[in-house]
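Happy to go through this one with you.

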Amino acid sequence: MFAYIVRRILYAFPILIGVNIITFLLFFVVNSPDDMARMHLGQKRVTPEAIEKWKAEKGYDKPLFVNAQAEGAGKLTRTIFFEKSVRLFWFDFGAADDGRDISYEIGARMWPSLAIAIPSLLVGLACYITFALSLAFFRASYIDFLGVVACVAAMSISGLFYIIGGQYVISKLWNLVPISGYGDGLDTWRFVLLPAAIGVIGGIGGSTRLYRTIFLEEIGKDYVRTARAKGLSEPRVLFGHVLRNGLIPILTGVVVAIPALFIGSLVLESFFGIPGLGSYTIDAIEAQDFSVVRAMVFLGSVLYIVGLILTDISYTLADPRIRLQ
Amino acid sequence: MPFRPVILWTDALIFVLVASVVAFAWYVSRHEHLRTPWRKVAHSRYGMAAAVVLAIFVVIGLLDSLHFRQSLDTRQADGRTNYAVEVLSVFDLIAGHLRTMPERTYSAPLAVYAFAKETVTLPGGGEAREFPRLRHGGAHLKDPQSEHSSDVLQRVVAGLGVAAVSWILLTMLVAAALAHRHEVNFGAMLDALMQGRTAVPWRSMLITAGAILVVAGPVIVLSGHYHVLGTDKVGQDILYQTLKSIRTGLVIGTLTTLVMLPFAVLLGIMAGYFRGWIDDVISYVYTTLNSIPGVLLIAAAVLIAQAQMDKHQEMFETVAERADARLLVLCLILGVTSWTGLCRLLRGEALKLREMEYVQAARAFGVHDWQIMTRHLLPNVMHIVLITVVMDFSGLVLAEAVLSYVGVGVDPSMISFGTMINNARLELAREPMVWWSLASAFVFMFLLVLSANLFSDAVRDAFDPRLRTGWSLPAIFPRRSVTLAPAR
């Protein structure tokens with residue numbers, strides 16, 4: 001098991017290198033630093049001097065891969081590729097266009113993101129499993145049918161509708177919680193409540209339906225028939241047998257998403273004005289601050305790979321029959 | 001020539017798509033084993049009802065994909081015709097009155113007066129703050145106070161009349177066609193149709209069509225003289241915008257899959273069939289692409305494409321061509337981020353299939369690898385491809401709205417559900433509230449996605465019986481399917 005994890009971590013490096021090369025190609029080769037400067041300084045009437053000055057300020061005035069003028073190791077290190085891309089590997093993200101340190105920002109903005117994401121993950125999981133299990137309990141009846149109809153209808157509604165509708169009804173009409181913003185200390189829950197609830201509602205259709213399918217698949221298996229033949233009551237069959245076995249695919253499906261919680265939800269955070277990583281990314285996209293976008297791409301990939309490794313580990317913990325080698 | 005056809009990139013791809021769908025349908029219709037699952041789709045009631053709605057959306061989208069530029073009256077010195085800068089579509093011609101009835105700013109659905117008070121000069125001199133009459137909405141009314149509601153009511157009744165007549169005609173036409181095909185007499189066929197005894201659920205389809213006609217009839221009759229869904233900030237008709245959004249949604253939902261499909265299928269099958277280093281390389285590529293957060297990759301690619309397009313302005317003759325190029329880029333990059341899932345599925349399936357006896361036998365006979373992949377593996381993974389394509393559609397339509405909100409979706413000048421929602425979301429804060437723009441975008445998007453979801457469930461049920469979607473409940477809703485005996 002330990003050897004497996006070490007190998008998986010080593011395997012992560014080529015992938016991260018690939019991610020780095022893709023982002024580097026996108027941000028520096030397709031879109032040259034000159035283009036970037038022109039974009040920031042305005043499209044028209046930009047003097048070459050102004051472009052040079054902007055590039056020097058941001059450190060984009062070096063060659064892409066090989067610096068022929070530098071000495072020794074400097075040939076490779078004093079290039080854009082090394083300074084902007086390789087440094088990501090030790091999480092040295094550099095500074096954003098407004099001069100702030102990206103690593104510091106990520107550390108500070110992580111918490112609001114988590115404050116929204118963790119409650120909505122836990123509450124959501126509890127809700128979805130409860131609904132799915134009750135639909136499985138009432139399988140092949142009107143309740144089940146109407147439940148599936150409701151799920152498909154909920155799946156077909158745009159997430160933006162839940163956000164805009166929730167903000168309008170709960171915050172504007174009923175004045176229950178603030179429309180947007182974020183506060184520290186005890187007041188936090190008032191700002192967290194609505195976005196987290198909308199996060200739960202947004203996924204209700206798809207997840208409930210998926211979990212229902214998983215539970216129904218378990219119900220069709222032989223061990224469930226055996227349990228019924230022993231004379232166990234239907235609730236005991238459902239909670240004792242079906243739920244426990246159905247949870248294996250559900251939980252492992254959730255584990256892969258846990259690390260990504262740090263990134264937060266882009267749209268949710270920016271609608272509710274929460275100073276998390278999601279809104280940070282959106283602001284960077286709108287301001288065309290590519291160093292922040294690049295840092296977030298790298299961070300996202302790292303977290304995804306961590307999620308994959310955690311999934312594999314959780315498989316062995318949840319189901320002892322699976323062995324990693 | 002009074003017009004010059006304009007073939008945008010996405011138009012061309014849509015025509016390619018339509019052609020390949022037609023070719024696929026023709027191929028399927030000639031092979032009984034391929035026809036069987038499709039027959040199952042055709043027998044599903046909710047699936048076919050959804051297909052009726054989808055078909056109407058598709059027709060609107062296709063009409064909106066035939067673009068042209070009208071000629072101008074002025075001629076150049078050398079006798080060449082000048083063409084308008086504005087690119088129109090056949091749909092614009094049909095819905096011409098919607099496009100050419102602009103108001104000054106917001107107006108509520110079916111309104112006669114403007115939404116906001118303006119300072120108007122009174123006929124007898126002097127000024128007053130009041131709600132001015134709209135330029136087009138209800139302009140034919142002499143005294144709106146007393147005539148407005150009765151005029152609207154009359155038109156609604158007229159529209160319902162039109163709807164009823166056309167629905168009866170449609171039913172007769174379907175019954176006549178079916179009677180001819182099954183060689184039964186017309187009355188018996190009509191009976192069977194009304195009682196829902198046909199194998200293909202024609203009754204459900206006709207009821208759906210009836211429901212659409214009941215809404216569409218009054219709307220069409222009203223739209224000549226009113227803004228049925230109101231107007232937006234710049235006074236453009238909302239109904240026109242929502243109908244135009246359909247094409248954008250369809251393009252994103254279909255072209256993205258068209259773009260990604262060849263890569264996903266080829267690479268997935270190759271990885272599973274060859275294994276070894278080819279598998280390693282392909283797995284590496286899709287894991288890498290998959291690990292980049294999708295939204296960020298899309299954002300980066302669209303921003304960069306936008307920058308490149310700004311740099312090469314000269315490449316685009318009209319605004320529409322520019323917006324279209326951005327739409328194409330969006331489809332391409334969405335394709336790049338979404339092919340990995342299908343590729344992984346196909347790899348797994350190919351790994352399983354390559355150990356089957358018939359593949360082993362083919363290899364023992366010395367059949368070329370390429371032939372094994374195309375003749376033995378590809379047909380046996382097609383159901384996975386089909387299910388994925390149909391299921392991806394609704395997700396992509398929803399994704400477009402979110403991406404447009406983030407600012408990396410379609411060009412702001414292109415009408416889409418995303419841009420409509422984005423423009424309208426701040427208007428809820430107004431007093432009184434401007435809700436019609438948002439509501440129409442959400443309702444139309446809901447209808448499109450819901451019908452796509454229902455149809456894809458029918459397809460999935462037919463092609464992969466193992467997966468239960470929960471729709472087929474024989475115990476509750478028994479199907480009375482009676483094959484019609486020919487009347488001799």
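**Between the chains and inside them**

Q: Which residue of chain A forms a salt bridge with B:D457?
A: This is a predicted model, so the distances come from its coordinates. The closest N and O atoms of the pair are 2.9 Å apart, which is within the 4 Å needed for a salt bridge. The count between chain B and chain A is 1 salt bridge, and the partner of B:D457 in it is A:R209.

Q: How many residue pairs are in polar contact across the interface of chain B and chain A?
A: Here both residues of a pair must have a pLDDT of 80 or more. With that condition, the number of pairs the rule finds is 6.

Q: Which element gives the largest share of the side of chain B that touches chain A?
A: Start with the elements of chain B that give two or more residues to this side: α10 (276–291), α11 (294–311), α14 and α16 (436–463). The largest share is 11 residues, and it comes from α11(B).

Q: How do the residues of the side of chain B that touches chain A divide into nonpolar, polar and charged?
A: The contact takes 52 residues from chain A and 51 residues from chain B. On the chain B side, these divide into 33 nonpolar, 8 polar and 10 charged.

Q: What is the area buried between chain B and chain A?
A: The size of an interface is often expressed as the accessible area lost when the parts come together. Carbon and sulfur atoms give 73% of it in this case. The total is about 4500 Å².

Q: Is B:D64 buried or exposed?
A: B:D64 sits in the loop between α3 (45–63) and β2 (67–75) of chain B. It touches B:S89, B:F91, B:K244 and B:R247, not counting residues up to four places away in sequence, and its side chain makes a polar contact with that of B:S89 at 2.6 Å. Because its relative accessibility is 2%, B:D64 counts as buried.

Key: Residues numbered from 1 in each chain as written. Chains lettered and ligands numbered in written order. Predicted model: local features only at pLDDT ≥ 70, side-chain atom pairs only at ≥ 80, totals over all residues. Heavy atoms only, no water. Contact = heavy atoms within 4.5 Å. Buried area = accessible area lost by both parts, 1.4 Å probe. Salt bridge = Lys/Arg side-chain N within 4 Å of Asp/Glu carboxyl O. Polar contact = N/O pair within 3.5 Å; in protein donor to acceptor, adjacent residues only side chain to side chain. Helix = DSSP H or I, 4+ residues; strand = E, 2+ residues; numbered from the N terminus. Nonpolar A, V, L, I, M, F, W, Y, C, P; charged D, E, K, R; others polar. Buried < 20%, exposed > 50% of the residue type's maximum accessible area, 1.4 Å probe, protein only.
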